Amino acid sequence: MSTATTTSLTVQKLGGRLGAVLSGVRLGGDLAPETVAGIRAALLAHKVVFFRGQDHLDEDAHEAFGRLLGTPVAHPTVPSADGRYSFPIDSDYGGRANQWHTDVTFVPAYPAFSVLRAVVVPPYGGNTLWANTATAYENLPEPLRQLADGLRAVHSNAYDYAALRPDAVPEQLARFRDVFASTKFLTEHPVVRVHPETGERTLLLGNFVQRISGLTGADSRALVALFQAHVERPENTVRWQWQTGDVAIWDNRATQHYGVDDSDDHVRKLRRVTIDGDVPLGVDGQPSRLLEPSSVPDPAFGIASGASTAEPAA
Ligand SMILES: [Fe+2]
């Protein structure tokens, strides 16, 4: 009988800039170390990796697999529904992430990896796109790379939800205000982050960005739009059409993603386990800084992003 220790992992590239389909593995908490090492290497190389047919996973096995990549962390403000790290991304909670973003960048040590599992898939639409923020930086003209290297940006969870979602119903607005933005976080990150495992330079932007430090609103918006456009170029992205039982894992330090909101009122349910990251460093070695509040409070359940890794001395 085939067991985890005899798994042979195959990697098939999906896009030129990022994305690969991994097959020959049944995900769970019991994978052999060499299989985990193979998945991690593919993840760092391809930024987002996809697995079909993982229907056997439940909440426990999903989390147990996540633990092979690092320490699961709770969302800083949204409580876990059932005392688990698995975070629901459900269409009926207004969970339509149709803005380009990197998960949880409003705290300093935002997650390194997200492991997303499709539980209920709509009959059409609801695809997810990912963009490679390392190639977005690498392909900038030299003068723009130099400009980006010296910039820092403030990220916050307290963005103008109503302005982004003019069709939001009052329950969605209340949930955003009372849950998602119940604690207002402001974090200053370098716009160019040096990846702690690959050494690559990545653009650290996305929809939690409020402004570029030291610039006026108009200049800030123009510069964010300029760099963000390089992230979002179609050639710099890959698109995944979900089937039930699919799992996607992405390197949250080298990607942005976008959930396409085009499945009308059909139900879409995914579960996400996020794995702790560390405090970003810019090209000058300066770390990200939490501006507000004075520390990341403990979530209602589990540990918060950044809690498993030491703060840098600086
Ligand atoms: Fe997300």
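Which residues in α4 meet which residues in α7? In this predicted model, Leu-144, Leu-147 and Ala-148 of α4 meet Leu-223, Leu-226, Phe-227 and His-230 of α7. By class, that contact brings together six nonpolar residues and one polar residue, with no charged ones.

**How α4 and α7 cross**

- Helix α4 covers residues 142-149 and helix α7 covers residues 217-232; their axes come within 12 Å and cross at roughly 120°.
- That angle makes α4 oblique to α7.
- The crossing of the two helices, α4 and α7, is left-handed.

**Glu-232, also in α7**

- Glu-232 has its place in helix α7, and with a relative accessibility of 31% this residue counts as partly exposed.
- Leaving aside residues up to four places away in sequence, Glu-232 touches Trp-100 and Thr-237.
- Along the chain, Glu-232 and Trp-100 are 132 residues apart, yet 8.0 Å separates their C-alpha atoms.

**Aromatic groups**

- The structure holds 10 aromatic pairs.
- In the pair formed by Phe-176 and Phe-180, the ring centres are 5.5 Å apart and the planes meet at 25°, so the pair is stacked.
- Both Phe-176 and Phe-180 belong to helix α6 (residues 170-180), where they sit four residues apart, about one turn of the helix.
- Phe-176 counts as buried at 10% relative accessibility, and Phe-180 also counts as buried, at 18%.
- One aromatic cluster is made up of Phe-50, Trp-130, Trp-240, Trp-242 and Trp-250.

**Backbone details worth a look**

- Val-104 has a positive phi, near 60°, in a residue other than glycine. You will find Val-104 in the loop between β5 (87-90) and β6 (113-120), where the residue is buried, with a relative accessible area of 5%.
- Asp-264 likewise has a positive phi, near 50°, and is not a glycine. This residue lies in the loop between β15 (255-259) and β16 (269-275).
- The peptide bond running from Glu-292 to Pro-293 is cis, with omega near -10°. Pro-293 itself lies in the segment after β17 (289-292).

Note on methods: Residues are numbered from 1 along each chain as its sequence is written. This is a predicted model: local features need pLDDT of at least 70, side-chain atom pairs count only at pLDDT 80 or more; totals for chains, interfaces and linings use all residues. Side-chain values use heavy atoms; hydrogens and water are left out. Axes are lines fitted to C-alpha atoms, for helices over the stretch in contact, and angles run from 0 to 180 degrees between N-to-C directions. Angles under 35 degrees count as roughly parallel, over 145 as roughly antiparallel, 65 to 115 as roughly perpendicular and the rest as oblique. A crossing is left-handed if the near helix is turned anticlockwise from the far one by less than a right angle, and right-handed if clockwise. Contact means heavy atoms within 4.5 Å. Ala, Val, Leu, Ile, Met, Phe, Trp, Tyr, Cys and Pro count as nonpolar, Asp, Glu, Lys and Arg as charged, and the others, Gly among them, as polar. Rings of Phe, Tyr and Trp (its six-membered ring) pair if their centres lie within 6.5 Å; planes under 30 degrees apart count as stacked, over 60 as edge-to-face and the rest as tilted. Buried means under 20% relative accessible area, exposed over 50%, partly exposed in between (1.4 Å probe, protein chains only).
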